[in-house]
Amino acid sequence: MDNNWPLWEIFVRSKNGLEHRHFGSLHAADEEMALENARDVYTRRNEGVSIWVVKSSNITASNPENNGELFEPAQDKVYRHPTFYKLPDQVKHM
Amino acid sequence: MKSEHLYNYILGIADNSLILGQRLGELCGHGPSLETDIAGTNISLDLIGQTRSYYQYAAKISGENKTEDDIAFLRLERHYKNVLLVEQPNTHFGYVIGRQYLFDVFHLLLLKELQSSKDETLAAIAKKGIKEVSYHKRFSGDWVKRLGDGTPQSAAKMQEAIHDLWPYTQELFDMTDADTAMALEGVGVDVSKLKKAYYKEVTDLFELATLEVPQSTYFSRGGKKGVHSEHMGYLLADLQYMQRTYPNMQW
């Protein structure tokens, strides 16, 4: 469909105390319409208590072409995980 | 029957929601965009949900072993009491929005009064509906502003819809016999008293939307008495088809 409305990314907090999570995207003419559309598209089954909308063009994303230099160097650096510490038995939930 | 007036009064309110819900339901999958399509369908489902509460209550007091489905699907056209406004067709998106806004403003004023009804069931249904209808009005009002104050084309279409739908607004404030009787008992709302607030709110918004308030002096009425426009028969044919073809079918 030919749609001149810009794209928006929708973040919904499903419960108080939890963080907003990315739910998806939609089209809207401005932020107010984006909020209403998000309410109708993403919270109609009682999914949320708060909505954030962000214009997709305002998001700066990493380029998948650069994944090699950005992410691969971390793959063989297991020592960056805190798995080498001996935990005292008294500490239960880590 | 406990009270024929009460029964007719409930149907007078509920039929508006049923028929407008049906009209919006016709658009399911045909909205101008995915987002507005879902919004319209949500509003339709809100209205039909409210209708069910009213019809269940009406069926209970009818004393005739009726169900909500009998009331919704098995009446003749002349027995539906909805106003002419809500049965008007989905000519284009401007009409859908205009019809919705002109009804939503009235609907919210009505429910705000009805929540203090002496009838506890009606008061409870009204209270629950207020949140839904507040959103309906926000949605339709925002769109009236967007289209009215948008491009020359959207403004012309919105103006056309408002112009054509305006003559159906006054019927909203006509008092039927059931209205008068129920208002006297403190159960119903005297809708004639809502008229001033309604036209003030609607014309204020039209001004914001840079739309002209129609100057029509002719107003159509009749739906409340069962005298409907030519569109109603087609709408009911769609609405009643399944129940008429397969009597007593269950979903």
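The model is predicted: local features need pLDDT of at least 70, side-chain atom pairs count only at pLDDT 80 or more, and totals for chains, interfaces and linings use all residues. Residues are numbered from 1 along each chain as its sequence is written, while chains are lettered from A and ligands numbered from 1 in the order in which they are written. Helices (H or I, at least four residues) and strands (E, at least two) are DSSP runs, numbered from the N terminus.

**Sheet of chain A**

- Three strands of chain A form an open, antiparallel sheet in the order β2-β1-β3. Strands count as paired if DSSP finds at least two bridges between them.
- β2 (21-27) and β3 (50-55) of chain A are the edge strands; each has a single partner, so one side of each lacks a neighbour in the sheet.
- On average, neighbouring strands are turned by 30 degrees against each other, direction ignored.
- Six bridges join β1 (residues 7-13) of chain A to β3(A), in the antiparallel sense. W8(A) has K55(A) in β3(A) as its bridge partner.

**Helix α1(A)**

- α1(A) packs on the sheet and touches β1, β2 and β3 of chain A. Its direction makes about 130 degrees with that of β3(A). Contact means C-beta atoms, placed from the backbone, within 7 Å. Angles run from 0 to 180 degrees between N-to-C directions, with axes fitted to C-alpha atoms, for helices over the stretch in contact.
- The 12 residues of α1(A) reach 15 Å from first C-alpha to last, close to the 16 Å expected at 1.5 Å a residue. That expected span is 1.5 Å times one less than the number of residues.
- Buried residues of α1(A) are M33(A), A34(A), E36(A), N37(A), A38(A), R39(A) and D40(A). Buried means 20 or more other C-beta atoms within 10 Å of the residue's own, again placed from the backbone.
- Their cover includes β1, β2 and β3 of chain A, together with α2 and α6 of chain B.

**Contact between the chains**

- Chain A gives 10 residues to the contact and chain B gives seven. On the chain B side, α2 and α6 (120-148) each give two or more residues. The largest share, four residues, comes from α2(B).
- α1 (residues 31-42) of chain A and α2 (residues 34-62) of chain B pack at about 65 degrees, with axes 9 Å apart.
- N37(A), D40(A) and V41(A) meet E35(B), I38(B), A39(B) and N42(B) there.

Technical notes:
Contact = placed C-beta atoms within 7 Å. Buried ≥ 20, exposed ≤ 12 C-beta atoms within 10 Å, placed from the backbone.
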